[in-house]
Amino acid sequence: MHGTRDRHVAVIGAGIGGLAAALDLLGRGVRVTVLERQAQPGGKMRTVEAPDGRPIDAGPTVFTMKWVFDQLFEGIEERLDDHVGLHQAHTLARHAWPEEAGGGRLDLFADVARAADAIGDFAGARDAAGFKRFVADSQAIYETLEPSFIRAPAPSMGALMKAVGPTGLGKLAGIKPFTPMWKALGAYFADPRLRQLFGRYTTYCGSSPFQAPATLMLVSHVEQAGVWLIAGGMHRLVQVMAGLVEAKGGRVLYDSPVAEITVERGRATGVTLTSGEAIAADAVIANADCAAVGGGLFGAEAARAVDAPPRAARSLSALTFLGAATARGFPLLRHTVFFSSAYEDEFARIFNARRLPHEPTVYICAQDRGDADKTGDGDGDGGDPDRPAERLLLLVNAPPDGDRAAPDEEEIAKCETRTHDLLARCGLTLSPAGAGFQTAGPRTFAELFPATGGALYGRASHGWRASFQRPGVKTRLPGLYLAGGSVHPGPGVPMAALSGRLAAAAATAGLTRDRAST
């Protein structure tokens, strides 16, 4: 690493993207300092305490694309499996509908043949055959975009067309960029419940299935290719990564918010903390939402280097209820989704009216459960009146206006009531332990992640241009690079890690060029 020896990079933020960038840089022989404004690593991958003191994952709960982390750890001569306990799930999620939406319960399995059989029993042979076509098309979309777009340092239609070549233009049409997801799903599934199930994958990118392109079918393939459960919860992953940064010679400074990215002679030269301490660096990687950088939270010169997304383009926020509760009447798995009977209205309320939905779809992560029914747990409580409370995250989609007309306490309380009403109509009742559930909404997330309004996924993927409007890892300011879920290649744990690796590669290349020119 002759070109980068003795070079130093400051990384703002100890989220997945920042930690991935730091580990990648350390593997390349670059000195690294990570500055985190909170007292612990994680960013959006945060935890809260249950009434009994146990941590509850309060952010991402699904771990996919394990190969991204396998490669990251190999780059620092480590093995992911030596540091994190992983179990590959056979059941991806359980899904349920109230009677007015058609009723029923459906498990989606990782094994395609088994999943097709379950769909056939649920909705008939036609939709089982449609599922097999959907799986094949989702895989084709992913395989077209993974090498030519997802791994690229910046989103570019021209680069994508160049990568696939003249013979690959048919493949570009096959990624369905001009067809809304909901419309495309009608070609595979006659049952609207299945369109809800697979349309929900657009929410992984903070988007509406009625506005996002069918290209996001690739998210289904990512899950079908493997979902893993992490022993100790998702936050265990960032704890391990932060520990390895320090074990490999890097520094992670907590309670160290950055006030400004310093600029000299037209390039980023380090950071100044709110304490006044200045940290010099040869390059800076900002693992913060691009809205924070472009909105001036790190200084006017850094702001000119990044375009903040307009308010109207923000992705979904969330309303979450976290705590410990006793679940009865319904057999939860680790991942369970209870669907609204008014799906289109749900997203119209959020994105058009900017209000919480009248009837929300509810995702529950039952963090003390696995991917299979417990013995004797067919009714959700095993008939045990003394069953201990379990750790739960309940999440519903919300508008990203936490910095403006955020839902007030009355609206949130009504949404919580409607949430439990939907669960009850699907057979589930929850008895919260202690003081009940802790609530976090758009205002909470706007405070945790400044300049976002509580949007959790950067820019919404609405329309075919949206993916190309995300910033790449390079900025207009030499020496300043971006990482995280708001930049290319997009939101989600593995994508944020990929952005960190792309930023590290771009920074290393820049440092090498600088060394060669001196």
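Which strands each supply at least two residues of the lining of the largest cavity? I began with this point and found strand E7 (91-96) and strand E16 (335-338). Strands here are DSSP runs of at least two residues (E), helices runs of at least four (H or I), both numbered from the N terminus.

**Basis.** I note that this is a predicted model, in which local features need pLDDT of at least 70 and side-chain atom pairs count only at pLDDT 80 or more, while totals for chains, interfaces and linings use all residues. Residues are numbered from 1 along each chain as its sequence is written, and side-chain values use heavy atoms, with hydrogens and water left out.

**Cavity.** I searched the whole structure and found one cavity of 30 Å³ or more. A cavity is a set of points, on a 1 Å grid over the protein atoms alone, where a 1.4 Å probe fits but cannot get out; a pocket is an open set with protein on both sides within 12 Å along at least five of seven lines; lining residues have an atom within 4 Å of a point. The largest cavity holds about 110 Å³ of space, a volume being the space filled by probe spheres set on grid points joined across faces, edges and corners. I counted 14 lining residues, of which Leu92, Ala93, Arg200, Tyr204 and Glu223 are the closest to the centre. E7 gives the largest share of this lining, three residues. By class I recorded 10 nonpolar, two polar and two charged residues (Ala, Val, Leu, Ile, Met, Phe, Trp, Tyr, Cys and Pro count as nonpolar, Asp, Glu, Lys and Arg as charged, the others, Gly among them, as polar).

I then turned to the second largest pocket, with about 230 Å³ of space. Its lining has 18 residues, and Asp57, Gly232, Gly233, Met234 and Gln367 are the closest to its centre. Strand E4 (55-57), strand E9 (227-230) and helix H11 (235-247) each supply at least two lining residues.

**Rings.** I found 21 aromatic pairs in the structure. Rings of Phe, Tyr and Trp (its six-membered ring) pair if their centres lie within 6.5 Å; planes under 30 degrees apart are stacked, over 60 edge-to-face, and the rest tilted. Trp182 lies in helix H8 (residues 181-185) and Phe210 in the loop between helix H9 (192-199) and helix H10 (218-224), 28 residues apart.
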